[in-house]
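Please find below a colleague's note on the structure that follows. The points are meant to be read with the sequence and the model in view.

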Amino acid sequence: MKTGGQLIVEALKANGVERVSCVPGESYLAVLDALHDSGIDVMVCRQEGGAAMMADCWGRLTGVPGICMVTRGPGATNASAGLHIARQDSIPMILFIGQVQRDAREREAFQEVEYRRAFTEFAKWVGEIDDARRIPEFVTRAFAVATSGRPGPVVLTLPEDMLVDEVEAPAAQAYTPVEAHPGPSQMKQFEAMLKEAQRPMFILGGTRWSEDAIAGFQEFASRFKVPVGCSFRRQMLFDHLHPSYAGDVGIGINPALAKEIKGADLLVLVGARMSEMPSSSYTLIDIPYPAQKLVHVYPDPEELGRIYRPDLAICAAPAEFAAALQDLEPPAAPLWAERKSAMHDVYLKWSTPPQTGPGKVQMGPVMDWIEANTAQDTIFTNGAGNYATWVHRFHRFRRFNTQAAPTSGSMGYGLPAAVAAKQLFPEREVICFAGDGCFMMHGQEFITAVRYNLPIITVLVNNGTYGTIRMHQEREYPGRVSATDLVNPDFVAFAQAYGGHGELVERTEDFASAFERARASGKPAILEVKLDAEAITPTRTLTQIREKA
Ligand SMILES: Cc1ncc(C[n+]2csc(CCOP(=O)(O)OP(=O)(O)O)c2C)c(N)n1
């Protein structure tokens with residue numbers, strides 16, 4: 001006989017879970033008790049949004065569901081911030097929510113929410129376990145749902161009294177990952193389309209990639225000499241110094257790259273959905289009938305043809321497609337090889353940062369220093385804000401699993417993601433980029449980094465404003481600054497008060513030594529970089545934007 005709480009933890013262990021994030025609650029004490037001597041690492045967080053974002057980041061960097069546990073009502077609604085990110089980013093994760101006892105349901109009991117109604121849009125599946133004997137069935141199914149087809153978050157709610165029931169239940173068995181493979185006839189058709197093409201273009205995106213899949217795809221790109229772009233915030237899918245790399249298909253796309261995509265005669269989307277951000281608000285590719293021939297490779301049939309009608313739809317995971325590419329033979333002299341080299345040169349120019357701009361700190365040289373002084377496996381995380389442009393445009397990603405950034409554009413993601421990434425890969429350097437607005441959304445998780453001794457380095461770009469929104473204001477309502485100015489704490493004192501290392505960088509030339517001191521401290525660190533608000537984008541000042549409005 002086991003309690004529901006024990007069965008939950010056993011089912012997690014049967015599915016290989018090594019770590020969970022949580023904020024505790026009285027609604028799931030029995031699970032917390034079962035975790036006590038389970039051998040599973042429990043990362044105690046300070047706000048459920050951050051806890052859910054950490055689980056998202058584990059799912060993002062491992063491909064297996066990240067696990068988060070929160071209490072009902074306020075805990076669950078806080079956690080929804082992380083659920084939404086995982087949903088939009090197709091990240092496998094499971095959120096367990098303590099629920100009110102079964103005989104109090106539907107009375108709007110204390111902190112009661114009916115999650116099957118409330119979270120349906122935020123999750124792939126929302127289930128409630130009202131019989132402890134069915135825990136192995138529900139938990140293993142949650143792993144299967146979260147990882148299959150288009151991955152995403154699953155919510156399981158746990159009535160408090162169910163968790164203390166003592167029952168006999170079958171031993172939980174691990175889920176079986178499901179892979180979709182391309183068929184031989186589809187690969188033949190794909191090969192024929194590629195042979196006919198004069199201006200092919202590949203765009204990689206989405207999840208379910210792996211180190212091997214990336215290597216396989218890069219090998220294909222080398223043999224076929226095709227140009228390859230990466231979807232918004234998925235740059236880590238292709239080595240930016242590979243001669244095939246053509247750039248980031250995201251917000252503020254290089255106009256030259258956008259032109260090439262529009263002018264391509266064959267577009268191959270691999271793992272990407274091409275939603276609003278990568279498609280420049282649905283203008284890059286005609287909807288529903290693209291002007292280019294479209295091959296869409298995606299692991300979920302529901303997404304194939306959802307927005308763009310493909311000429312060839314291949315329901316396959318990126319890894320399986322990459323493996324099938326190995327059997328294709330390239331033309332002796334591909335017509336497009338020269339175009340690919342030209343596109344790579346254009347990318348290299350586009351990703352070379354400007355060296356001048358307003359104020360005493362220039363982010364261009366700061367990025368140059370980071371490029372020259374960090375290892376290829378360094379993990380970069382960020383949330384949302386104009387500061388993120390510096391990373392996305394000027395950091396040349398080289399390796400898989402070096403990026404954790406939400407395509408949903410959620411502020412506050414970078415810090416909890418960095419904490420999670422460092423917990424997962426303690427031997428790798430983890431750099432969180434944040435704005436002063438972004439950082440304060442989940443800045444309290446800096447104490448989680450301190451508590452678990454996770455020396456992340458936060459580059460906190462402080463321009464004293466919600467800069468992105470200020471930029472939009474100057475464009476739409478010039479000179480009328482409304483609700484975008486910020487008053488900030490002293491971030492160096494903040495870092496120190498939390499037990500971390502703090503540095504203030506007020507001149508470009510001070511960045512390198514401040515970074516080295518942060519590294520040497522061995523503590524979680526904040527480098528507060530004072531950026532002039534005028535330097536609102538790498539190429540435009542606020543004044544220029546206002547004057548052009
Ligand atoms: C959770 C959340 N709230 C609000 C927004 C809208 N928003 C997008 S960027 C931004 C400002 C970001 O400010 P900051 O982090 O200081 O970066 P900056 O743009 O100044 O570089 C806001 C408010 C959002 N994307 N996410």
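**Notes on the predicted model**

1. Cys 315 has a relative accessibility of 24% and therefore counts as partly exposed. The structure discussed here is a predicted model.

2. Cys 22, by contrast, is buried, with a relative accessible area of 2%. The closest cysteine sulfur to that of Cys 22 belongs to Cys 45, at 6.7 Å, and this is too far for a bond. A disulfide requires two cysteine sulfur atoms within 2.5 Å, and by this rule the count is 0 disulfides.

3. The ligand is surrounded by 17 residues, the closest being Asn 386, Gly 409, Cys 438, Gly 467 and Thr 468. This shell consists of 7 nonpolar, 9 polar and 1 charged residues.

4. An N or O atom in the side chain of Thr 468 lies 2.7 Å from a ligand oxygen. The backbone also takes part: a backbone N or O atom of Gly 437 is 2.9 Å from an oxygen atom of the ligand, and a polar backbone atom of Thr 465 is 3.1 Å from a ligand oxygen. On its own the ligand has 590 Å² of accessible area, of which the protein covers 77%.

5. Which elements give two or more residues to the shell around the ligand? They are helix 16 (436–442) and helix 18 (467–476). Helix 16 provides the largest share, with 4 residues.

6. The backbone has some features that deserve a student's attention. Most residues other than glycine have a negative phi, and most peptide bonds are trans. Ile 287 and Pro 288, however, are joined by a cis peptide bond, with omega about 0°. Pro 288 lies in the loop between strand 12 (266–270) and strand 13 (293–298).

7. Ser 90 is not a glycine, yet its phi is positive, at about 55°. Ser 90 sits in the loop between helix 4 (74–89) and strand 5 (93–99). Is Ser 90 buried or exposed? Its relative accessible area is 4%, so Ser 90 is buried.

8. Asn 401 also has a positive phi, of about 60°, although it is not a glycine. The loop that holds Asn 401 runs between helix 14 (388–394) and strand 16 (403–404). With 9% relative accessibility, Asn 401 counts as buried, because the limit for that class is under 20%.

9. An unreviewed UniProt entry lists residues 192–325 as "domain: Thiamine pyrophosphate enzyme central". Over residues 192–325 the chain is 27% helix and 22% strand, and the end C-alpha atoms are 13 Å apart.

How values were computed: Residues numbered from 1 in each chain as written. Predicted model: local features only at pLDDT ≥ 70, side-chain atom pairs only at ≥ 80, totals over all residues. Heavy atoms only, no water. UniProt positions renumbered as here; feature names shortened; annotations may be inferred. Near = heavy atom within 4 Å. Polar contact = N/O pair within 3.5 Å; in protein donor to acceptor, adjacent residues only side chain to side chain. Areas by Shrake-Rupley, 256 points an atom, 1.4 Å probe, with all protein chains shown as cover. Nonpolar A, V, L, I, M, F, W, Y, C, P; charged D, E, K, R; others polar. Buried < 20%, exposed > 50% of the residue type's maximum accessible area, 1.4 Å probe, protein only.
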